[in-house]
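This report describes the aromatic pairs, the nonpolar cores and the model confidence of one protein. The sequence and structure are shown first.

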Amino acid sequence: MPRADDPATPDRSPSGSPSAGEFQHLGEQVRFHGWRISVVEASFRAPDGTEFKRDIVRHPGAVAIVPVTDRGTVLLLRQYRGSVDRELLEIPAGTRDVADEPPEHTAARELEEEVGVCALTIEHIGSMLNTPGFCDERTELYLATGLEACETNRHGPEEENITVVEIELDDVDSMVRDNVLIDGQTILGLLLARDVLAKRSGA
């Protein structure tokens, strides 16, 4: 899990954060604790003094990686997601579930385990809050280049049935329009990676 001083860790102190304005986070009680997430009942005070409660999912954070080959294509994963009961086409990603592991190390490990490639370079290209309406999950986005084949180490039935799909970055817009890509962090990661690579090539 992220360290308390990790900039990727949301501020959960009762005093709130600078962006909270006059809202105050008064505290919270854990209602459920699972292997990856916790659900808490959090108490707040509004600017007018009204107190209210919200159910919040606490998440350790995640990484997502855009692996770009020397040909300029991207390696995506077609993976079953039980929460929506369907397969999704996604960039590789994983939970920051190893204590004190730097996020770029998590990114490299997930890339090897899920896709079966090692990257010569892994660079941070952005961050996103996945579903801030009810969850504090924050995903760090990375661009991986200089790919070389290595052994996979997939865990669980979903990962064991992953299919690697190679796409062209130029096809991303049409794939979004056609609902082939509907995962938010995948769309954002691909667009950011395409922008970084275009600026680098002077396009």
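Two aromatic pairs are counted under the rule that rings of Phe, Tyr and Trp (its six-membered ring) pair if their centres lie within 6.5 Å, with planes under 30 degrees apart taken as stacked, over 60 as edge-to-face and the rest as tilted. The rings of F23 and F52 are edge-to-face, because their centres are 6.2 Å apart and their planes stand at 85°. This pair joins distant parts of the chain, 29 residues apart: F23 lies in the segment before β1 (24–33), and F52 in strand β3 (residues 51–58). Strands (E, at least two residues) and helices (H or I, at least four) are DSSP runs numbered from the N terminus. The rings of F44 and F52 are stacked, since their centres are 5.5 Å apart and their planes are at 20°.

The structure is a predicted model, in which local features need pLDDT of at least 70 and side-chain atom pairs count only at pLDDT 80 or more, while totals for chains, interfaces and linings use all residues. Residues are numbered from 1 along each chain as its sequence is written, and side-chain values use heavy atoms, with hydrogens and water left out.

| Residue | Relative accessible area | Class |
|---|---|---|
| F23 | 39% | partly exposed |
| F52 | 22% | partly exposed |
| F44 | 17% | buried |

A nonpolar core is a set of buried Ala, Val, Leu, Ile, Met, Phe, Trp, Tyr and Cys residues joined through side-chain atoms within 4.5 Å. The largest has 20 residues, and V66, V74, L76, I91, I167, L181 and L190 have the most contacts inside it. At least two residues of this core come from each of β4 (62–67), β5 (73–81), β9 (138–149), β10 (163–168), α3 (172–177) and α4 (184–201). Helix α4 gives the most, with three residues. Contact means heavy atoms within 4.5 Å; beyond four places in sequence, V66 touches residues including V74, I91, Y142 and L190. Another core, of twelve residues, lies apart from the largest one and has I65, L77, L111 and A144 among its members.

Confidence is expressed as pLDDT, the predictor's confidence in each residue, from 0 to 100. The protein has a mean pLDDT of 89, and 89% of its residues reach 70 or more. Over residues 1–16 pLDDT stays under 50, and the model has 29 contacts beyond four places in sequence for them.

Definitions and conventions: Buried < 20%, exposed > 50% of the residue type's maximum accessible area, 1.4 Å probe, protein only.
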